[in-house]
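Please open the structure in your viewer and keep the selection tool at hand. The stops below are meant to be taken in order.

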Amino acid sequence: MSVKKRTSKNVLLDTALKNFYAAAEEMGLEDGLVEVLSRPERAISVSLPITMDDGSVRVFEGYRVQHSTALGPAKGGFRYHPDVDIEECEALGSLMTWKCSLAGIPYGGGKGGVSCDPMELSMAERERLTRTFAARVAPIVGEWADVPAPDVNTGAPEMVWFMDTISKLRGKFEPGVVTGKPISIWGSKGRTAATGLGVATCIKELLKSVKVDVKGARVIIQGFGNVGTFNAITMDKAGAKIVGISDITGGYYAPNGIDVEKAVQHVTKHPKKLLEGYTQPGLEKISGEEVLFLDADVLSPCALEGAVNGKNAGNVKAKYVVEGANGPVTPEADEILTDKGVLLIPDFLANSGGVIGSYFEWVQNLNGFFWTEEEYNNRLIPIMTDNFYRVWNYAKAQGVKPRRAAFLVAIKRVADAVKMRGTFL
Ligand code: NAD
């Protein structure tokens, strides 16, 4: 490869670029395509003057980066966090390009956000910030251009304000300009469970591929929030034995299996939606970290990034790790696990049920016709299954780890699209 490689002082972007160049080199991607795909198509900064509740005016910085639209409209969330900057958006936008490509959905990748401390903002200030952000990025977003979604510190209210502002500016209803809306305002049934259901689908297909019967297979699920609970519910229904679960209140170990239905009911009733105080016959309360080291077939970390790291990966006893969270296994831990013979299914394959679910919401919005939850799940599971085998078979054929295989498969689909579409005049 003879291209001049880009670097960045932003660690996230620098890592994204290094990973991309390494994969491009490995797959022998031609220089022109390397040049195109190592840069975002469009990156804009916007200033957002907001009248605060006390009458003063503050100006916030916002960003929207469209890394690629080769496969379709840019897709990716916008977040509110003090650390947001344009390079972070570029890095996260490129990861969305690869994630959507691997998921086999007709989207490119993008990301955006506003540099702010959302905890300091009242709801009224949040609304003005969101509406101003929507107005400033209006020229580049749209159902067929760029479709944002929730991300860190943004959720259903922000999506509704964003959609409402764009619709008013255009003088027509445009529900498909964002996804992650509540069911009552053109959101989608099934979305809440989609990511966990997708992770569980990968676990089931993995077990089938390595000839371990799902009935009685021992599974540990770290994190009992959105992704963790729906993963646990699905695995439990499939007959697996969930031997350990955890959340910020620690670990809960039941060698004969957690009563998942009871645990979910406990969390639903808990004022802070926690496992705190959960009990059942034969349950042992252990620390949050100890859960990761239980004897099991599968460990599925569904909490935060860096849960399995260089310091603790050596203690993991599970033979398979399926990443439900984003980046729960650090690169150092990944190497330790590989040396121990642990097989890992990477986050951007395993947790892609979320973005596939966003695609389903958009499809329903464009058609003005809503699916039942059953229809939604019946479409999600085959797509997740196909994606799993695309990566699994490629990894086997090429003799590479599933994480590498996923990245190579994803880049190839985008590169092929760029090549076919060509450059403009
Ligand atoms: P959530 O806030 O609903 O749940 C997070 C859970 O992790 C909570 O139960 C929390 O108590 C627990 N937790 C936090 N720190 C912990 C620790 N140290 N040990 C054990 N448990 C801990 O979040 P979520 O939506 O379930 O997301 C979880 C992860 O999955 C994140 O990395 C997120 O980026 C990723 N993800 C989520 C979706 C989605 O659709 N929700 C999609 C793709 C990826």
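How many nonpolar, polar and charged residues does the shell around the ligand have? In this predicted model, the shell divides into 7 nonpolar, 9 polar and 2 charged residues.

Begin by selecting the ligand together with the 18 residues around it, among which Thr195, Asn226, Val227, Ile248 and Asn326 come nearest. If you then colour by secondary structure, you can find helix 6, helix 7 (226–237) and strand 8 (241–247), each of which supplies at least two residues of this shell.

Next, look at the oxygen atoms of the ligand. A polar side-chain atom of arginine 191 lies 3.2 Å from a ligand oxygen, while at valine 227 it is a backbone N or O atom that lies 2.9 Å from an oxygen atom of the ligand. Select alanine 303 as well, where a polar backbone atom is 3.4 Å from an oxygen of the ligand.

For the last stop, select helix 6 (residues 191–209) and helix 12 (residues 353–367), which pack at an angle of about 145 degrees with their axes 7 Å apart, helix 6 passing helix 12 in a right-handed crossing. Here Arg191, Ala194 and Thr195 of helix 6 meet Gly353, Gly354, Gly357 and Ser358 of helix 12, and by class these contact residues are 1 nonpolar, 5 polar and 1 charged.

Notes:
Residues are numbered from 1 along each chain as its sequence is written. This is a predicted model: local features need pLDDT of at least 70, side-chain atom pairs count only at pLDDT 80 or more; totals for chains, interfaces and linings use all residues. Side-chain values use heavy atoms; hydrogens and water are left out. Axes are lines fitted to C-alpha atoms, for helices over the stretch in contact, and angles run from 0 to 180 degrees between N-to-C directions. Helices (H or I, at least four residues) and strands (E, at least two) are DSSP runs, numbered from the N terminus. A crossing is left-handed if the near helix is turned anticlockwise from the far one by less than a right angle, and right-handed if clockwise. Contact means heavy atoms within 4.5 Å. Ala, Val, Leu, Ile, Met, Phe, Trp, Tyr, Cys and Pro count as nonpolar, Asp, Glu, Lys and Arg as charged, and the others, Gly among them, as polar. A residue is near a molecule or strand if one of its heavy atoms lies within 4 Å of it. A polar contact is a pair of N or O atoms within 3.5 Å; within protein, one must be able to donate a hydrogen and the other to accept it, and residues adjacent in sequence count only if both atoms are side-chain atoms.
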